[in-house]
Amino acid sequence: MDKRTKGSAKELRLLVVGSSGLSHLQLTNAILGREEFSKDLIGISSSIKKVGELAARSVAVVNGPNIYDKNISHAKRKMELRRSKCLCIPGPHAFLVAYDMEKISQNDIKTPRLLKKRFGGKCLNHCMILLTCEGHVDRAVVENRVKKSDWYLRELIETYGGRFHVFSKNWRDRSHDRELLRKIELMVASLGGGCFSSRTFRKAERSVKKEEKRLRKKRAEEIERTWNKMEKKYIAEELCFQKDTFIANVGAEIRAKAEIDNDWLRTSLARGLGTGVVVGAVVGALFGSIEGPGGMVLYGIIGGAVGGSAGGTAQVAIEHMEDKVAPPIGLNFNSIFINRFFAAPHT
C-alpha cells in the first residue's frame with residue numbers, strides 16, 4: 001500500500017517526468033537556474049540527479065528518460081526507472097510532469113495512467129503539471145487558455161488535481177521561482193508535509209543502504225589509515241573539523257555510488273541480460289532454420305552471444321560509471337585523501 005512518509009526535510013526532492021521532447025530537461029534548467037542540459041541535446045538515456053537551489057531552497061532534481069522514448073529497450077527502461085527511485089530515496093516530495101504547451105500529444109493524455117503504473121496509484125496526489133512556453137510568459141493569457149479554450153489541456157490538468165505552473169524555456173528568467181516553490185510547498189504541506197513513498201521506493205532505500213554498508217566495510221581499513229594520518233597532522237578543534245569534513249565527504253561519495261549501482265539495479269540488469277541471450281538465441285535459431293538443423297544450432301549460438309553482449313555492455317558501463325562519481329563540490333577537504341581513497345583499484 002502506498003503511503004506518505006512523515007517528517008519535513010531541508011532538501012526538496014523533485015522527480016521530473018517527461019513524456020516526449022525536451023520539456024523535462026528545460027524544466028530542470030529552469031528550476032536550477034543554469035544550463036545543466038544543452039538546448040541541442042536530443043534526450044537522455046540514463047537517470048540523473050542534479051542539486052542546487054530554487055528561490056534559496058535546496059533542491060535535488062532527478063531526471064530520467066522520456067516515458068515514451070522509443071530508442072530505449074524495455075529492460076533499459078525498467079532499470080532506469082529503478083535508478084530514478086534510488087536517486088530520490090526515501091521518495092520525492094513532488095512529481096513535476098513537464099509538457100510543451102504547443103505540442104500536447106495523445107501520449108501526453110495517457111501519461112497519468114502510466115505514472116500510476118510505474119510509481120503507484122497515489123502518486124498523482126503528489127503531481128503538478130509544468131507547462132513550458134517560448135519567450136516571455138504572460139500567465140493571465142495562458143491560464144485563460146487553459147480554463148476556457150483548450151479542453152484537452154484542461155482535462156489533463158484536472159487529472160492532476162488542477163495543479164499546474166507555467167515556466168519559460170529561458171532558464172535565465174528567475175522572476176517566477178518563488179511562485180513555483182510556493183506551489184510545490186503548498187502541495188507538500190496539504191499532503192502532511194512528507195514525501196511520497198511506496199513499496200518499490202522502500203525497496204530502493206533498503207538496496208541503497210545495503211550497498212552503502214558494503215562500500216563502507218570495503219574501505220574501512222583505508223578510512224582508518226586516513227584518520228591516523230590526520231591525528232598526526234592536526235590537533236584539538238582543527239582535528240575535529242577535518243574529521244567531520246572527511247566523514248561528510250566519504251558519506252556523500254558512498255551514497256552517490258550506492259544510488260547508481262546496487263543489488264536491485266544489478267538484478268534488473270541481469271534479467272535484461274538473460275532475456276537478451278534467450279531472445280537472441282531464438283531469433284538466431286529461426287534464421288538458421290533456413291539452412292537446416294545445423295544452421296539452427298550455429299545461428300542460435302551466435303544470436304545468443306549478440307543478445308547477451310548488449311546486457312554485458314551495460315554492466316561494463318555501470319562499473320565504469322562507479323569510478324566517475326566526483327566528490328560534492330561544496331566540500332573542500334584535502335583532495336589528496338579523497339582522491340586516493342576513491343581511486344583505489346577494485347578487488
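**View 1. Pro90 sits in the loop that joins α2 (74-87) to β5 (94-100).** The peptide bond that leads from Ile89 into Pro90 is cis. Its omega is near 5°. Helices (H or I, at least four residues) and strands (E, at least two) are DSSP runs, numbered from the N terminus. The model is a predicted one, in which local features need pLDDT of at least 70 and side-chain atom pairs count only at pLDDT 80 or more, whereas totals for chains, interfaces and linings use all residues. Residues are numbered from 1 along each chain as its sequence is written, and side-chain values use heavy atoms, with hydrogens and water left out.

**View 2. The whole chain is shown as context for the close-ups.** The chain holds twelve helices and eight strands. Of its 347 residues, 46% are buried (under 20% relative accessible area; exposed is over 50% and partly exposed in between, with a 1.4 Å probe and protein chains only). Among contacts (heavy atoms within 4.5 Å) with a separation of 6 or more, 76% join residues 24 or more positions apart.

**View 3. Val16 is a residue of strand β2 (residues 12-18).** Val16 has a relative accessible area of 2%, so Val16 counts as buried. Leaving aside neighbours within four places in sequence, the contacts of Val16 include His24, Leu27, Thr28 and Ile31. Val61, Val62, Asn63, Gly64 and Leu96 are also in contact with Val16. Cys127 lies 111 residues from Val16 along the chain, and the C-alpha atoms of Val16 and Cys127 are separated by 9.7 Å.

**View 4. Ala56 and Ala236 each have a positive phi in a residue other than glycine.** Ala56 belongs to the loop between β3 (48-54) and β4 (57-63). Phi of Ala56 is near 70°. With a relative accessibility of 66%, Ala56 counts as exposed. Ala236 is in helix α9, and its phi is near 50°. The relative accessible area of Ala236 is 55%, so Ala236 is exposed.

**View 5. Helix α7 (residues 199-218) packs on helix α9 (residues 236-260).** Two packed helices are described by the angle between their axes and the distance between the axes. For α7 and α9 the angle is about 125° and the axes are 9 Å apart, which means that α7 is oblique to α9. Axes are lines fitted to C-alpha atoms, for helices over the stretch in contact, and angles run from 0 to 180 degrees between N-to-C directions. Angles under 35 degrees count as roughly parallel, over 145 as roughly antiparallel, 65 to 115 as roughly perpendicular and the rest as oblique. The crossing of α7 past α9 is right-handed (near helix turned clockwise from the far one by less than a right angle; anticlockwise is left-handed). On the α7 side, Val208, Glu211, Glu212, Leu215 and Arg216 make the contact. On the α9 side the contact is made by Val250, Gly251, Ile254, Arg255, Lys257, Ala258 and Glu259. The contact of α7 with α9 has five nonpolar, one polar and six charged residues. Here Ala, Val, Leu, Ile, Met, Phe, Trp, Tyr, Cys and Pro count as nonpolar, Asp, Glu, Lys and Arg as charged, and the others, Gly among them, as polar.

**View 6. Helix α8 (residues 220-233) also packs with α9.** The angle between α8 and α9 is about 160°, with the axes 10 Å apart. α8 and α9 are therefore roughly antiparallel to each other. The crossing of α8 past α9 is right-handed. From α8, the residues Ile223, Thr226, Trp227, Met230 and Glu231 meet α9. Their partners in α9 are Leu239, Gln242, Lys243, Phe246, Ile247 and Val250. By class, the contact of α8 with α9 has seven nonpolar, two polar and two charged residues.

**View 7. Tyr152 is in helix α5 (residues 151-159), and Glu143 is in helix α4 (residues 139-149).** Tyr152 has a relative accessible area of 28% and is partly exposed. Not counting residues up to four places away in sequence, Tyr152 touches Ile104, Ile109 and Arg145. Between Tyr152 and Ile104, which are 48 residues apart along the chain, the C-alpha separation is 8.8 Å. Glu143, at 28% relative accessibility, counts as partly exposed. The C-alpha atoms of Glu143 and Phe164 are separated by 9.5 Å, and Glu143 and Phe164 are 21 residues apart along the chain.
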